[in-house]
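I opened my notebook for this one and wrote down what I looked up, step by step. Follow along with the model on your screen.

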Amino acid sequence: MSRKSKRNQPDPVSPPSQAQSAPAAKRWSRRNIFIASVAALLLAFVSATLLYRSEQARSSQFAAAKNLPALASERSPTFGPADAKVHLVEFFDPACETCAAFFPHVKKLLSANPDRIRLSVRHVPFHNGSDEVVRMLEAARNQDRYLPVLEALYASQNQWVRNHQVQADLAWMSLAGLGLDLDRLRREMNAPEVARRMAQDMSDARILGVTKTPEFFVNGRPLPRFGLEELQTLVQEELRRAYP
Amino acid sequence: MLVFGCWLIASTSTLGALFFSEIMDLPPCVLCWYQRIFMFPLVLLLPVGLLPFDARVVSYALPLALAGWLVSLFQVLLVVGLIPEAIRPCTQGVPCSEVQIQWLGFVNIPLLSLIAFSTMNALLIAARIRSPR
């Protein structure tokens with residue numbers, strides 16, 4: 001129906017002009033009800049958001065404070081001096097893009113404060129098939145090649161993670177040229193010790209409520225909200241507190 | 001006012017869905033996105049036909065509501081019966097994450113959606129029957 005023909009038809013809904021005032025008032029109040037509903041809904045949304053955020057911040061703080069032993073086991077890969085007073089714990093999945101994006105920034109935090117920060121990493125292979133890659137990492141520790149392997153895996157991540165699916169055979173290709181004894185790695189990645197460490201990481205993650213990666217704890221304190229800036233701020237806070 | 005009630009449901013569902021995904025960081029699965037596609041437009045479309053009231057808005061809204069109802073019905077059947085794990089773990093836009101189905105009601109969201117779409121369809125059909133035009 002064209003606009004013109006529609007205009008020419010008498011509109012059954014709109015009343016004749018002399019009776020305009022009463023329906024106009026009704027329409028006006030209808031609009032008020034509508035605006036009030038919009039305001040009420042938005043208000044409910046905002047207050048629910050604030051409530052949820054504060055509740056969540058409190059409960060994660062509480063979980064971390066209560067479960068400090070779950071944060072880092074002495075078996076986890078740890079970097080930095082043992083007497084550093086700021087202990088950063090990262091839960092990550094080698095197949096997670098955000099973890100790869102965070103890693104250079106984490107390294108920068110460490111290199112900016114070489115004597116003051118210690119980093120422990122925990123593996124939480126949430127992606128399908130990622131556990132095999134974690135096994136490679138764990139086995140690489142026996143050859144003192146953890147960091148080079150992790151960096152090589154991160155650098156080639158977009159080749160062995162397709163559509164959030166891990167293709168472990170492609171991940172093997174990025175291990176070439178790192179000076180690894182690959183036969184030994186293959187043998188040792190299925191060692192019971194590796195399985196034990198992985199199970200420990202996963203169960204600690206459950207205790208601490210880690211469901212997403214990367215997740216950071218700085219001296220036991222979780223990030224108030226996920227974000228790089230939040231991480232940097234929290235680290236600076238703890239640095240100031242530990243080294244006034 | 002039936003159409004107004006329908007709009008209230010659509011708005012509440014929209015804000016609820018946004019709360020789940022944006023505030024609680026639960027990545028929406030594909031089916032959720034299809035239902036959103038049919039739900040979100042109603043929030044804007046229905047008021048256009050409400051102020052002032054235009055009975056034809058029912059005809060414009062019903063296809064969306066019916067399609068959304070079908071998708072939500074499909075998902076509820078999927079959750080209840082066949083493959084409970086038909087969800088994708090990691091969705092773009094959300095920080096890499098996985099749905100851990102530990103929180104009380106993964107079952108609840110599709111069901112809520114089905115209830116919302118069913119009510120909206122009932123209201124719209126009632127509005128259509130009541131309106132002479």
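Here are my entries, beginning with the ground rules.

**Ground rules.** I am working with a predicted model, where local features need pLDDT of at least 70, side-chain atom pairs count only at pLDDT 80 or more, and totals for chains, interfaces and linings use all residues. Residues are numbered from 1 along each chain as its sequence is written, while chains are lettered from A and ligands numbered from 1 in the order in which they are written.

**The two chains.** I looked up helices (DSSP runs of H or I, at least four residues) and strands (runs of E, at least two), both numbered from the N terminus. Chain A has 11 helices and 7 strands. Chain B has 4 helices and 0 strands, in the order α-α-α-α along the sequence. Next I checked burial: a residue is buried if 20 or more other C-beta atoms, placed from the backbone, lie within 10 Å of its own, exposed if 12 or fewer, and partly exposed in between.

**Helix α1 of chain B.** How far does α1(B) reach from its first C-alpha to its last? I found 31 Å for its 22 residues, close to the 32 Å expected (1.5 Å times one less than the number of residues). Its buried residues include Val3(B), Trp7(B) and Ala17(B). Just after the helix, Asp25(B) has a positive phi of about 60°.

**Its partner.** I then compared α1(B) with α2(B), residues 30-50: they pack at about 140°, with axes 9 Å apart. Axes are lines fitted to C-alpha atoms over the stretch in contact, and angles run from 0 to 180 degrees between N-to-C directions. The pair is therefore oblique (under 35 degrees is roughly parallel, over 145 roughly antiparallel, 65 to 115 roughly perpendicular, the rest oblique).

**Cis peptide bonds.** I found one joining Leu51(B) and Pro52(B), with omega about -5°. Pro52(B) sits in the loop between α2 and α3 of chain B. Another joins Thr213(A) and Pro214(A), with omega about -10°.

**Positive phi in chain A.** Asn219(A) has phi near 45°, and its 19 neighbours make it partly exposed.
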